[in-house]
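Hi,

Here is the structure I promised to pass on to you. Please open it beside this message, and then read on for what turned up in it.

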Amino acid sequence: RVRGRRPGAARFGGRALVGRPGAAPQRPRWRGVAMAAPDVGAPPAAKPPSPPTATPPAYAHRRTHSEVRRCKRLERTDLKTSEWGKFGYASGSDVLERPIEYDAQTLPILRVSKEQATPEWFYEHIASKNVPAIIEGGCAHWPAMQRWDFDALEDRFRHLYFKVGEDDKGKKIKMKFKYFLDYMRHQTDDNPLYLFETEIQDNAHVRALLNDYEVPDLFPDDWLNLMNRDARPPHRWWCVGPKRSGTTVHVDPLGTSAWNAVTHGEKHWVLFEPATAKRVVKAKSLKEKHEDDEAVMYFDFLLPRIKKTYPEVRVYQGLQKAGDVIFVPGGWWHGVLNTKDCVAVTQNYCGRDNFETVWKSIRRDREKIAHLWLRNMRKFAPQLYERAMDMNRVDGFRMRHQRSKGERLPDASSSSSESSDSSSDEAVDLNAEGLSELVPALATSRAVRTSGASPMLLAPGVDTFKGHPPHTKEGLKSHKHRRNRSRSHSRSRSRSKRARRS
């Protein structure tokens, strides 16, 4: 029984309608007007079934769900956050465990042991011939093999923000590391968020990662370090990729070659020769309208369609395990799928094996950067400067400062006008790493400087002074911080004196 209501009474317009139990309800009158009685016996209308909603993972941290939702909305504006797992790759696909079947078309990536791959042998048989290769155990001796364990990384960087994507305007999307690891351990997305950090050298807290690894001795050159750090394009990335994440097939920019080292997890690589047409490797004509072309989809159904449609195209595939280093020559198409939760570091470089290709690409596509690079070649590496100028004379190429005002190259890209001429030519602004044979004076200055030197003259992770020199950006910030802290303490002492006097 409803409180305050007799049996058989129905509520209507604030008044109780009294009747005999079981009798038909009386027609009420309201201010002399007969009104229709409610049909109390009629069942309520059935609501249409709501679409099934994906159950969010049970994260360990309370804020992980909201942080992941924020980053997903910025990363993929064309997808709802509930649609990131709509294809069901987390539970209904064997693409991660599917074995590679080699045949006349599908060829294995060359594998060599670390003991066999000496720097001289590697340059003669691999780098100079532009051949991709996996060096087994190439980074197995790094401290990162222990320090980059997921639990150890969480203890070190749990409250630091890392880049996990970019929005439609190219702005970085960042997430706290503890939330990203929580997401990685519980995610069920088809193509998960991928941590790609580029500011290793610039962030004082993240810079400790440089102590955990070293550039393999198979790659002694890095001639792009003749540009100062502000002018040089991004070239080093530290990556944490959940399983099913990856990168679609692409060519590294500016003709540079790259090495990639995995300390934890496993990667599945696919490579195509530089002469392979873009329309073939991208396979946009083989994709259905309802299909996506992310890395997991590419390895699942686009790659088999490419092999079937273009049987003459050679495809190179291989697995890179923890402790292995892969070499990707410039110009080669390549894509990767993380078959396990993965930690890796990768770096692009220019050296004796690819200088001609890189110089021709940079002088055409990035004119201002080419001008800065050539200016520093003339000052610090005259032999390399003459080599670049000889190539320009043979090709009939004129640099930006050699052309009339307003004259542009007919095939220059839109990015050729980026950067500025405000960079410095001083040796203190250069990174001596990879320049020891090209510019011995820089290596000598790095060895003798023990204090007040720029950290860019030191090997990665080696810091022989405490704090930062005053002429650097970090030094200025540190000086301002100490000055403001001193002023704050002075104001606090003044307030305390006034309080005691009163």
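Predicted model: local features only at pLDDT ≥ 70, side-chain atom pairs only at ≥ 80, totals over all residues.

His268 is a residue of strand β14. Is His268 buried or exposed? Its relative accessible area is 8%, and since buried means under 20%, His268 counts as buried. Among the residues it touches, leaving aside those up to four places away in sequence, are Ile100, Phe299, Gly318, Leu319 and Val336. Gln317 is on that list too, and here the two side chains make a polar contact at 2.9 Å.

Gln317 leads on to the next strand. Pro108 stands opposite Gln317 in β15. Strand β5 and strand β15 (residues 315-321) run parallel and are joined by 3 bridges.

Both strands belong to an open sheet of 5 strands, in the order β5-β15-β14-β17-β12, with mixed pairing. At the edges are β5 (106-108) and β12, each of which pairs on one side only. From one strand to the next, the twist averages 25°.

Arg244 sits in the loop between β11 and β12 (246-250). Although Arg244 is not a glycine, it has a positive phi of about 80°. Arg244 is also buried, with a relative accessible area of 3%. Leu254, in the loop between β12 and β13 (257-264), likewise is not a glycine and has a positive phi, near 60°. With a relative accessible area of 16%, Leu254 is buried.

Finally, have a look at helix α5 (residues 177-186). How many of its 10 residues are buried? The count is 8, so the helix is mostly covered. The buried residues are Phe177, Lys178, Tyr179, Phe180, Leu181, Asp182, Tyr183 and Met184. What covers them includes the helices α1 (64-75) and α4 (150-157), along with strands β8 (161-166), β9 (172-176), β10 (195-197) and β11 (236-241).

Best wishes

Notes. Residues numbered from 1 in each chain as written. Heavy atoms only, no water. Buried < 20%, exposed > 50% of the residue type's maximum accessible area, 1.4 Å probe, protein only. Helix = DSSP H or I, 4+ residues; strand = E, 2+ residues; numbered from the N terminus. Contact = heavy atoms within 4.5 Å. Pairing = 2+ DSSP bridges. Axes fitted to C-alpha atoms, helices over the stretch in contact; angles between N-to-C directions. Polar contact = N/O pair within 3.5 Å; in protein donor to acceptor, adjacent residues only side chain to side chain.
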